[in-house]
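Biologist: Before I plan anything around this protein, I would like to go through the terms used for it, one by one, and hear what stands behind each.

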Amino acid sequence: MIDARRDSPSFHRNIGPITAKLHAILTNRQARVIEIGSGSGQHVARFSSEFPDMSFQPTEYDETALKSIDAWTQGAQNVRPALHLDVTSETWLSDTSQRFDILLCFNVIHISPWIVTTSIFDRAGEYMNEECQLLFYGAFKINGQHTSESNAEFDTWLKDKDPGFGIRDIADISKAAAQNGFKLGKSHTMPANNFIQEFVRA
Ligand SMILES: C[S@@+](CC[C@H](N)C(=O)[O-])C[C@H]1O[C@@H](n2cnc3c(N)ncnc32)[C@H](O)[C@@H]1O
């Protein structure tokens, strides 16, 4: 049988510190979680075993990755089948009555057009409960500055790939958040010049 599971090399480098940080910052252990851009599905698979009382809805823009996500999460009682989701679409989920407590968006907003970032804040309000956390993991700029030389090089590489891609500035993300009733929450420094940025309802 063909193994649909894809492997992301960066997952193995970063998952230890990410999981440790999530244990520290996720206080609602029964949370309903939606993940944007689940990619291979390795993150959601690990989180579902780390947080057995939470329930997870993985989503992915690239329809060819859905099988990988479902393969990694096979047998996990607290993970739903992955759904196709382009965050720029008008309606995210066919069941519009669904509400979540946590939104995870890891390594997405720098490697997609800016409209992906603004769309997340435009639409998330409809699907998130009042006491919610939106967590963005990856590289960010702070006050227009890269936080490391390697991030500056990464930014150049992203823009060469697509001029619409690029490491986002926390201030710009915060403006997009504020336009939709969200505000910057805690900022968590992570290894390899990454951060987890929290956003909450304003
Ligand atoms: C580098 S991958 C990150 C995958 C995974 N989160 C991880 O950390 O390994 C970038 C992700 O951005 C997602 N993405 C790009 N455009 C998107 C869109 N319009 N809506 C939702 N996700 C999008 C891709 O589908 C892809 O999963």
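Biologist: What makes you say that helix α4 lies across β1, β4, β5, β9 and β10?

Modeller: Helix α4 (residues 114–127) lies across β1 (32–36), β4, β5 (128–138), β9 and β10 (194–201), where contact means heavy atoms within 4.5 Å. Helix α4 runs at about 145° to β5, on a scale from 0 to 180 degrees between N-to-C directions, with axes fitted as lines to C-alpha atoms, for helices over the stretch in contact. Helices (H or I, at least four residues) and strands (E, at least two) are DSSP runs, numbered from the N terminus. This is a predicted model, in which local features need pLDDT of at least 70 and side-chain atom pairs count only at pLDDT 80 or more, while totals for chains, interfaces and linings use all residues. Residues are numbered from 1 along each chain as its sequence is written, and side-chain values use heavy atoms, with hydrogens and water left out.

Biologist: Why are β3 and β9 called edge strands?

Modeller: Two strands pair if DSSP finds at least two bridges between them, and β3 (83–84) and β9 (182–190) each pair on one side only. The open sheet has seven strands in the order β3-β2-β1-β4-β5-β10-β9, with mixed pairing. Strand β2 (residues 55–60) and β3 pair in the parallel sense over two bridges, which meets the requirement of at least two; Glu60 has His84 in β3 as its bridge partner.

Biologist: How do you know that Phe47 and Phe106 form an edge-to-face pair?

Modeller: Rings of Phe, Tyr and Trp (its six-membered ring) pair if their centres lie within 6.5 Å, and planes under 30 degrees apart count as stacked, over 60 as edge-to-face and the rest as tilted. For Phe47 and Phe106 the values are 5.9 Å centre to centre and 75° between the planes, so the pair is edge-to-face. Phe47 lies in helix α2 (residues 42–50) and Phe106 in strand β4 (residues 100–106), so this pair ties together parts that are 59 residues apart in sequence.

Biologist: What makes Trp157 partly exposed?

Modeller: Its relative accessible area is 46%, and partly exposed is the range between buried (under 20%) and exposed (over 50%), with a 1.4 Å probe and protein chains only. Phe154, at 28%, is also partly exposed, whereas Phe47 and Phe106 are both buried.
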